[in-house]
Amino acid sequence: MTDNLPLRGKVALVTGAARGIGRAYALRLAQRGAHVAIVDFDLHSYKDYQLEAESMRGDTVVDEIREIGMRALGFQADVTVATALDTAVQQIVDEWGRLDIAICNAGGGVGPPEETRASLVEEDLVGIVLARNLAGTINTCRAVAAMKVQKSGKIITVGSQAGHRIESNGGYAHYGAAKAAVAKYTQYLARDLGPFDITANCVAPGYISTGRLPPLLNAMGDTQLENVPLGRYGTPEDCAGVIEFLASNLSDCVTGAIIPVDGGLTYA
Ligand code: NAI
């Protein structure tokens with residue numbers, strides 16, 4: 001018989017979890033029995049997008065986790081500020097005594113595709129995107145490596161299909177490069193933390209239909225779906241399923257892996 005609470009009593013941290021895919025990760029971990037802390041530079045960021053706001057069942061994801069019946073903490077903090085992560089992790093350990101699972105999800109791109117081709121992308125956009133995706137991930141991983149004292153843990157970073165395939169319009173070169181670096185960093189981390197029984201894996205989502213993306217996906221049209229063997233965009237729930245696997249003991253012998261969640265877009 002399978003346990004429908006495979007993460008019972010585990011303590012998790014999810015960054016960028018105030019909306020979108022990160023929210024789905026946080027709620028899924030709570031539904032599987034974990035206590036969850038979230039970090040986001042705006043715990044009300046869902047208000048930026050109507051569809052995200054309409055899907056909320058509480059004032060913040062912290063309230064939604066508590067509604068599920070699990071303990072929750074919320075930190076309004078920027079992952080590009082290393083000390084903010086150190087403080088959050090210290091408080092989690094002080095409150096709950098340990099940290100078992102960390103999902104480094106905060107990230108994203110900036111700039112229009114036509115202005116972010118490899119030969120055009122401006123220095124300021126490069127700086128923002130590298131900070132948000134790569135430095136933010138490294139800051140988070142360094143802080144959660146406090147797991148070493150427990151000699152167990154699951155770290156999951158978030159890359160993108162853009163880190164492994166090149167969009168035909170050539171745009172978002174800075175984002176693709178940052179996400180490729182996140183994936184490679186994760187493999188170094190897996191090597192570093194293996195002796196402590198801590199796994200480190202990277203999920204690489206394809207086109208995922210959050211409440212933020214419908215205008216973008218509509219603009220791309222059905223031609224993008226022709227490149228997706230499953231013929232549909234992914235959902236936050238699709239991504240959460242893979243996170244659940246990587247956070248549970250089903251994946252105890254999986255580390256340094258880059259797992260696409262993309263309907264086959266990248267490799268099929
Ligand atoms: P989103 O933009 O809807 O949500 C990101 C959340 O992270 C927001 O709540 C935002 O406030 C927070 N955040 C951003 N920068 C932060 C920072 N420096 N410090 C703290 N919080 C910060 O993004 P979405 O679509 O949910 O994506 C989540 C992750 O998945 C990102 O890393 C993104 O690059 C990646 N991804 C998303 C894909 C998609 O199709 N939606 C495809 C491939 C990767």
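1. Helices α1 and α9 are oblique to each other, a class that takes in whatever angles are left once those under 35 degrees (roughly parallel), over 145 (roughly antiparallel) and 65 to 115 (roughly perpendicular) are set aside. In this predicted model, α1 (residues 20-31) and α9 (residues 236-247) pack at an angle of about 50°, with their axes 9 Å apart. Axes here are lines fitted to C-alpha atoms, for helices over the stretch in contact, and angles run from 0 to 180 degrees between N-to-C directions; helices are DSSP runs (H or I, at least four residues) numbered from the N terminus.

2. The crossing of α1 and α9 is right-handed, that is, the near helix is turned clockwise from the far one by less than a right angle. On the α1 side the contact (heavy atoms within 4.5 Å) is made by G20, I21, A24, Y25, R28 and L29, and on the α9 side by P236, E237, C239, A240, G241, I243, E244 and A247. By class, this contact of α1 with α9 has nine nonpolar, two polar and three charged residues, where Ala, Val, Leu, Ile, Met, Phe, Trp, Tyr, Cys and Pro count as nonpolar, Asp, Glu, Lys and Arg as charged, and the others, Gly among them, as polar.

3. Helix α1 also packs with helix α3 (residues 61-68), at an angle of about 20° and with the axes 9 Å apart, which makes α1 roughly parallel to α3. This crossing of α1 and α3 is right-handed, and its contact joins R23, A26, L27, A30 and Q31 of α1 to V61, E64, I65 and I68 of α3; six of these residues are nonpolar, one is polar and two are charged.

4. For helix α4 (residues 82-96) and helix α5 (residues 123-144), the axes come within 9 Å and cross at roughly 35°, in a right-handed crossing. Here A82, L85, D86 and V89 in α4 meet N139, T140, R142, A143 and V144 in α5, a set that divides into five nonpolar, two polar and two charged residues.

5. Among the polar contacts (pairs of N or O atoms within 3.5 Å), a polar side-chain atom of D40 lies 2.6 Å from an oxygen atom of the ligand. A backbone N or O atom of N105 lies 2.7 Å from a ligand oxygen atom, and a backbone N or O atom of I21 lies 2.9 Å from one.

6. On conventions, residues are numbered from 1 along each chain as its sequence is written, and side-chain values use heavy atoms, with hydrogens and water left out. Local features need pLDDT of at least 70 and side-chain atom pairs count only at pLDDT 80 or more, whereas totals for chains, interfaces and linings use all residues.

Notes: Helix = DSSP H or I, 4+ residues; strand = E, 2+ residues; numbered from the N terminus. Polar contact = N/O pair within 3.5 Å; in protein donor to acceptor, adjacent residues only side chain to side chain.
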